[in-house]
Amino acid sequence: HDATSTGNRFALWRVDPSGAAPPQRVPGGTDLGPVFAWRDRLFSTSAPGGMSATETRVTATRGAGDTLFVPLFGTERKDEMPRISPDGRYIAYRSVQGADRYLYLRRFPDVDSGRWLISSGPVSSTPLWSPDARTIYIVNQQRQVEAITLRDADGDVQVASRRSLFDASAYWIQLYAGWDLAPDGSRFIML
C-alpha cells in the first residue's frame with residue numbers, strides 16, 4: 001500500500017510489487033496521512049477535508065483486506081502519527097494541544113485502558129520504537145533526538161529515563177516522516 005498526495009489531500013493506492021498490474025486506488029482510502037502496516041491492519045491519520053484540516057484522528061482498518069479506516073479512539077484533540085510497538089502492547093502517537101504536539105501512549109489493542117503523556121515537551125517527529133519495545137525515539141523542539149525508556153509498573157506506564165542522543169537540526173525530520181530506525185535498532189536513517 002502507498003499513500004500519495006495531491007495538494008494537501010491524500011489517497012491510498014494498492015500497488016502490486018511485481019509491477020504486473022497498474023496501481024489501484026483503494027475505496028475509502030482518502031484524506032489519509034502516511035499509512036503503515038502492522039500485522040494484518042493498516043494505520044493512518046485521517047483528516048476529513050485534507051491534512052490541513054483542524055480535526056485529525058488516529059485511524060485503522062479492522063483486519064486483512066479491509067480498506068475502511070475507522071477512528072481507533074476518540075478525543076477532543078488532534079491525534080496523529082500512530083506507531084504500534086513491536087510487541088503489539090502499545091500505540092504511541094502525537095496529540096496536538098494549541099500549537100504544539102506532544103507524545104502520548106495507550107495500551108493496544110485495548111486503547112481505552114489508559115493514556116499517558118510521555119514527552120516532557122513538544123515533539124516535532126513521528127515516534128519510533130526500539131526493537132525491544134522499551135524505548136521510544138522522538139525529535140524534540142530543540143531538534144535533539146531523544147530516547148525515552150519506558151517501564152510498565154503494575155499496569156501504569158512510567159518514563160524510566162530520558163536521554164538526548166544527538167542534534168538532528170541538519171536533517172529534515174518533521175511532521176510525517178523523514179526518519180526511521182533499522183530493524184535491529186543499530187542506526188537511524190534520516191532525510
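Modeller: Two strands pair if DSSP finds at least two bridges between them, and strands themselves are DSSP runs (E, at least two residues; helices are H or I, at least four), numbered from the N terminus. This is a predicted model, in which local features need pLDDT of at least 70 and side-chain atom pairs pLDDT 80 or more, while totals for chains, interfaces and linings use all residues. Residues are numbered from 1 along each chain as its sequence is written, and side-chain values use heavy atoms, without hydrogens and water.

Colleague: How do you know that S13 and strand S14 pair?

Modeller: S13 and strand S14, which covers residues 144-153, are joined over 5 bridges and run in the antiparallel sense, and the definition asks for at least two bridges, so they count as paired. One of the positions involved is Tyr137, whose bridge partner in S14 is Ala147. The hairpin of S13 and S14 has 4 residues between the strands.

Colleague: Why is Thr149 called buried, and what does the side chain of Thr149 make a polar contact with?

Modeller: Thr149, which belongs to strand S14, has 17% relative accessibility, and therefore counts as buried. The side chain of Thr149 makes a polar contact with the side chain of Thr135 at 3.4 Å, and this value meets the cut-off for N or O atoms, which is within 3.5 Å, with one atom able to donate a hydrogen and the other to accept it (residues adjacent in sequence count only if both atoms are side-chain atoms).

Colleague: In the loop between S13 and S14, is Arg143 buried or exposed?

Modeller: Arg143 has a relative accessible area of 19%, so Arg143 is buried. The phi of Arg143 is near 65°, which is a positive value in a residue other than glycine. Gln142 also has its place in the loop between S13 and S14, but its relative accessible area is 57%, so Gln142 is exposed. The C-alpha atoms of Gln142 and Pro122, which are 20 residues apart along the chain, are separated by 9.1 Å.

Colleague: Which strands stand at the edges of the open sheet of 4 strands?

Modeller: The order in that sheet is S4-S5-S6-S7, with antiparallel pairing. Strand S4 (36-38) and strand S7 (70-71) stand at the edges, because each has a single partner strand and one side of each is left without a neighbour in the sheet. S4 is joined to strand S5, residues 41-46, by 3 bridges, and Phe36 has Phe43 in S5 as its bridge partner. In the loop between S4 and S5 lies Arg39, which has a positive phi of about 55° although it is not a glycine. With a relative accessible area of 65%, Arg39 is exposed.

Terms used
Buried means under 20% relative accessible area, exposed over 50%, partly exposed in between (1.4 Å probe, protein chains only).
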